[in-house]
Amino acid sequence: MNSYNKSLDFAEIDISDDTEHSSCSLQEMSIPERKERPAEATIPFVNALTREQQFMQQAKALANRTGDQVSFVPFMSYWPIYEQMNESQLSWYFYWRSEVRGGQYLFTDLSYIFVYLYELIHGVGWEHPKQGYDLMMRIWDGYAKRYPKLNGYMADWICDFVLVHQLDIPMIDILSRSSASQTGELFDMELMRLFSDHPTSLSFEMILTLSDYDMQRSKFYLEGGSTLLEEYVPKVVALVDSFLQKTTGKKLVNTFYKGNGKVVERYLFRSAIYDASLYGRTYTLQISHLRKCPPLRYYITQLLRCTENKLRELQHFKGRLRGVTLKSETETLIQRFLEKEFAPEKSSKPVISINPDRLAELQRDSEDVRSMLTLEEWDESEQDVELRSEVPVQDLEGIVGMTHDVPLKVIQEITHSVVPHEIEIQAAGQTVVWDTADMDEDWILFAGQLKQAHLDTLFALKTQLSSTELDLIAEQYGTMPALLLDEINQAAMETIGDLVIDGESITEEYIDYFETLKR
């Protein structure tokens, strides 16, 4: 079957242009008039809401919703929002949220907690920023142990919350709860603040971040010296800071850090469902990179090694660290301070008590002798005999009760003072004491944290003694006046929640509390 040999037949088509048979010519054909298309209704353009904007609107709409008690329903989501919950999960969430707002932190999944935190970030559930901060801290406290993963997020989010609302809250307390947050710009900013304003608040761990010497791996630290190092390293750093400020007029950080820092833009609420139109996408910070300052790191390293050597010596620990190159005056200051701290307490002076009955009897006898002297003329030798014999030494046992042997000079002063009407026997109680019997619990706790050096300092401030007197007190206890004042304020903040010293004066609102502070 071969089709190639077949002939092709074509149809005949007449294409002649005979105008007689054509109904009309192409030139005669008319073109219809173009008409305008009817105007269509314009559809307005609407910007689509982002996921974060939708969440904020929904959170505000659901802010007052509560839930009845229901059974727990699991919920796991990488970006948890309301749309990802079914009806059972929503019922549990609003019941659980009602319990959390009432202070009850029931078991729940981490995704529910994140949704609640997103609400707090967007201003839902609180009226004042401080209230929102407290709610975030409580949820952190309630679930930190169960969900350690929460720590990394919470430290950053709460610090961002403090920044955007400009709350007067130290962020170092927040950052210290998360090791992951102690490497960022906020930690650097807080280090600079503490070195500049409150060096006594620097912790052992904070100071180690500025040192090239890993003290926690030293033999002394691992073999029982950890407690001593953690207690005295911060005190030594604060002491040297005060010493430098007094001798050079510059604080420790200003002595070795010469830079002005740099401006950085911190992204707010990173990894959270957050509508940036609320507070902005970033927050501008001025950061001083103290941990990257070689002169400061070198000096802190030397302070730490010197302190450890002195503590090793005081604890009779074998071996010393080599390469300590501090100035002799600084090294002497550290040694003197630590020796004072470890010196045994001096025994109290003998306390003298007076037997009033026996003293009154002796006064009457002295009056009788005085009367006899006015009536009769005795020679000088007889008067001396009578005066010496009117108060036999053995009778002093009825007058004076002592906890220790009384020196002869004290006995002579007592016998000499019996004859006149004014008796000036001074007991050894020249120590400053503070009667807190009528104070509330916080002030009693505050007074309990103070040492004798602090009481002497407060008494000097109360009586408005000169700064020279403060220097003498500090020298007596082997420390610096500024360090004593900072320690008092730190104890006050931990107990009564406020500072009691402003500059070198007791604040006016608390001066009445120190009325019972006496010698």
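Helices (H or I, at least four residues) and strands (E, at least two) are DSSP runs, numbered here from the N terminus. The structure is a predicted model, in which local features need pLDDT of at least 70, side-chain atom pairs count only at pLDDT 80 or more, and totals for chains, interfaces and linings use all residues. Residues are numbered from 1 along each chain as its sequence is written, and side-chain values use heavy atoms, with hydrogens and water left out.

Two helices were compared with their expected span, defined as 1.5 Å times one less than the number of residues. Helix α4 covers residues 129-143. Its 15 residues should span 21 Å at 1.5 Å a residue, so the 22 Å between its end C-alpha atoms agrees. Helix α7 (residues 185-197) has 13 residues. From first C-alpha to last it reaches 18 Å, close to the expected 18 Å.

Burial was assigned by relative accessible area (buried under 20%, exposed over 50%, partly exposed in between; 1.4 Å probe, protein chains only). In α4 the buried residues are Gly132, Tyr133, Leu135, Met136, Met137, Ile139, Trp140 and Tyr143. Their cover includes α2 (87-101), α3 (110-121), α5 (149-164) and α6 (172-175), with contact taken as heavy atoms within 4.5 Å. The buried residues of α7 include Leu186, Phe187, Met189 and Leu191. Asp188 and Glu190 are also among the buried residues of α7.

A nonpolar core is a set of buried Ala, Val, Leu, Ile, Met, Phe, Trp, Tyr and Cys residues joined through side-chain atoms within 4.5 Å. The largest core holds 109 residues, and Trp96 and Leu252 touch the most other members. Helix α9 (residues 219-248) gives the most to this core, with 13 residues. A second, separate core has 28 residues, including Leu450, Leu485, Ile506 and Leu517. Beyond its neighbours within four places in sequence, Leu252 is in contact with Phe195, Val237, Val240, Asp241, Leu244, Leu296, Tyr299, Ile300 and Leu303.

Phe256 lies in helix α10 (residues 252-256). Residues up to four places away in sequence aside, Phe256 touches Cys293, Pro295, Leu296 and Tyr299. The C-alpha atoms of Phe256 and Leu290 are 9.5 Å apart, across 34 residues of sequence. Asn309 sits in helix α11 (residues 294-314). Asn309 counts as buried because its relative accessibility is 11%.

Most residues other than glycine have a negative phi. Phe269, in the loop between β1 (262-267) and β2 (282-287), has a positive phi near 50 degrees. At 2% relative accessibility, Phe269 counts as buried. Ser271 lies in the loop between β1 and β2. Its phi is also positive, near 70 degrees. Ser271 is partly exposed, with a relative accessible area of 41%.

Pockets were located on a 1 Å grid over the protein atoms alone, each an open set of points where a 1.4 Å probe fits, with protein on both sides within 12 Å along at least five of seven lines; lining residues have an atom within 4 Å of a point. The second largest pocket has a volume of about 1,100 Å³. Of its 39 lining residues, Arg193, His198, Ser201, Met493 and Leu499 are the closest to its centre. At least two lining residues come from each of α4, α5, α6, α7, α9, α20 (481-495) and β6 (501-502). Helix α20 gives the most, with seven residues.

Terms used:
Grid points are joined across faces, edges and corners, and a volume is the space filled by probe spheres set on the points.
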